[in-house]
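Subject: A structure for you to explore

Hi there,

Here is the structure I promised to pass on to you.

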Amino acid sequence: MKIALITGINGQDGAYLAKFLLEKDYEIHGLIRRSSIEKNDRIEELLKDARLQLHYGDMTDSSNLIRLISEIKPDEIYNLAAQSHVQVSFETPEYTANADAIGTLRILEAIRILALERKTKVYQASTSELYGKVQETPQSETTPFYPRSPYAAAKLYAYWITVNYREAYNMYACNGILFNHESPLRGETFVTRKITLAVARIKQGMQDVLYLGNLDAKRDWGYAGDYVEAMWLMLQQDTPEDYVIATGKTQTVREFIQLAFLEVDILIKWEGSGLDEKGIDSRTGKVVVSIDPKYFRPTEVELLLGDPSKAKKQLDWQPRVNFESLVKMMVQADVEFVKKQNRS
Ligand code: NDP
Ligand code: GDR
């Protein structure tokens, strides 16, 4: 039985990955932070399985990470834990660097201190945010990086320290450069989930208006359930390498909104432009989408479009869920979620 350690196990990707690895009969250890309220909703069902154990820890606590890795001696570490919200990283840049950049170093260094370089493989959750300001499209493993946020700058350090430990100490360590991936388990303040939750609430008459920032941003959106398989595949190869994981298609935030409302039979008409832009329910004439400048970022990533051909060729990986199915899945899940909340 292989042993995996997943940091960030109660996040969106951690939940999908834990489920995926249990299906592959792994023993799983998950790192969680102590919090004043329990936050294990996403993995509640999985916790009934005795092959999954949780441990308290934190990416900012080296001695804790060294002790856990020394006790668990994992075959594979999936380093998913991070302060993962780009806008929040402008508010908490120092903490974001500590958890996302130095946190990754702490994991790699723990492996070295414990002389586990030959045993433990590492997956590092790198990101399309590394590309930042557009240099070329589609973005591939050879596209230059230009980070545009404290989050992306921290992840840039994590990317390169992973490459460095692979080259310096011959460790099996890979960067998955994952483009945006979403699901019904997505955190509620990321734009896709914020939209699908609002669509469900507006449909139920529980919310009037959805306030957003930049509607022109373009993202290559895929499904989290597909992407965790790519993480695992990266650690099953003969040699460790870095891979772009994406759909190869891009859409604006506005297109996501339009499609999400259509799922509940609301056709949006757009009026105005810039800060005065509004999305109007064409049947009732009510404003349902409006701009709030507080959601604009000091520096924005305007366009992400990934080229997943290396992953397709070498990992035999490709996305199964397309944009339309993803939006439908998320809206339907939130319609159910909101109805359930209404009943309780
Ligand atoms: P989430 O925000 O849903 O989950 C992040 C996880 O990290 C949570 O379990 C969180 O725990 C944990 N965490 C945060 N800070 C710490 C800390 N200091 N110590 C220990 N745990 C911590 O992110 P996703 O699941 O969406 O993403 C997983 C990883 O992939 C992240 O590193 C993210 O940056 C990266 N990524 C995500 C992409 C996406 O589109 N989803 C794309 C590319 C990369 P808690 O619940 O306690 O906050
Ligand atoms: P992103 O995701 O920054 O790409 O990072 P997010 O969903 O936060 O933003 C996507 C785009 O939507 C625009 N936007 C808004 N975003 C949020 N959150 N809230 C709003 O109200 C809003 N209005 C418009 C943003 O400006 C942006 O252009 C995600 C995270 O999961 C990272 O951890 C990961 O590394 C990258 O994806 C790939």
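Let's begin in strand β6, where N175 has Q124 standing opposite it. Please keep in mind that this is a predicted model.

Another pair to look for is S126, which stands opposite I177 in β6. To get from β5 to β6, the chain passes through helix α5 (residues 150–169), and this β-α-β crossover is right-handed.

β6 also pairs with strand β11 (residues 243–245), again in the parallel sense, this time over three bridges. Here you can find L178 opposite I245 in β11.

**Buried or exposed?**

Are the two faces of β6 covered or open? Both are covered. A173, N175 and I177 are buried on one side, and C174, G176 and L178 are buried on the other. Six of the six residues of β6 (173–178) are buried, so the strand is largely enclosed by the rest of the structure.

**The whole sheet**

Now zoom out. Seven strands make up an open sheet with parallel pairing, in the order β3-β2-β1-β4-β5-β6-β11. At the edges stand β3 (52–56) and β11; each has a single partner strand, so one side of each is left without a neighbour in the sheet. On average, neighbouring strands are turned by 20 degrees against each other, direction ignored.

Helix α7 (residues 224–234) lies across β4, β5, β6 and β11, and runs at about 160 degrees to β6.

**Around ligand 2**

Which residues come nearest to ligand 2? Of the 22 around it, they are S84, T127, V191, G213 and A217. Helices α3 (86–91) and α6 (191–203) each supply at least two residues of this shell, and α6 gives the most, with three. By type, the shell around ligand 2 divides into eight nonpolar, nine polar and five charged residues.

Enjoy looking around, and write back with any questions!

Best wishes

Technical notes:
Residues are numbered from 1 along each chain as its sequence is written. Chains are lettered from A and ligands numbered from 1 in the order in which they are written. This is a predicted model: local features need pLDDT of at least 70, side-chain atom pairs count only at pLDDT 80 or more; totals for chains, interfaces and linings use all residues. A residue is buried if 20 or more other C-beta atoms lie within 10 Å of its own, exposed if 12 or fewer, and partly exposed in between; C-beta atoms are placed from the backbone. Helices (H or I, at least four residues) and strands (E, at least two) are DSSP runs, numbered from the N terminus. Two strands pair if DSSP finds at least two bridges between them. A crossover is right-handed if, with the strands pointing away from the viewer, the path from the first strand over the helix to the second runs clockwise. Axes are lines fitted to C-alpha atoms, for helices over the stretch in contact, and angles run from 0 to 180 degrees between N-to-C directions. Two residues are in contact if their C-beta atoms, placed from the backbone, lie within 7 Å. A residue is near a molecule or strand if its C-beta atom, placed from the backbone, lies within 6 Å of it. Ala, Val, Leu, Ile, Met, Phe, Trp, Tyr, Cys and Pro count as nonpolar, Asp, Glu, Lys and Arg as charged, and the others, Gly among them, as polar.
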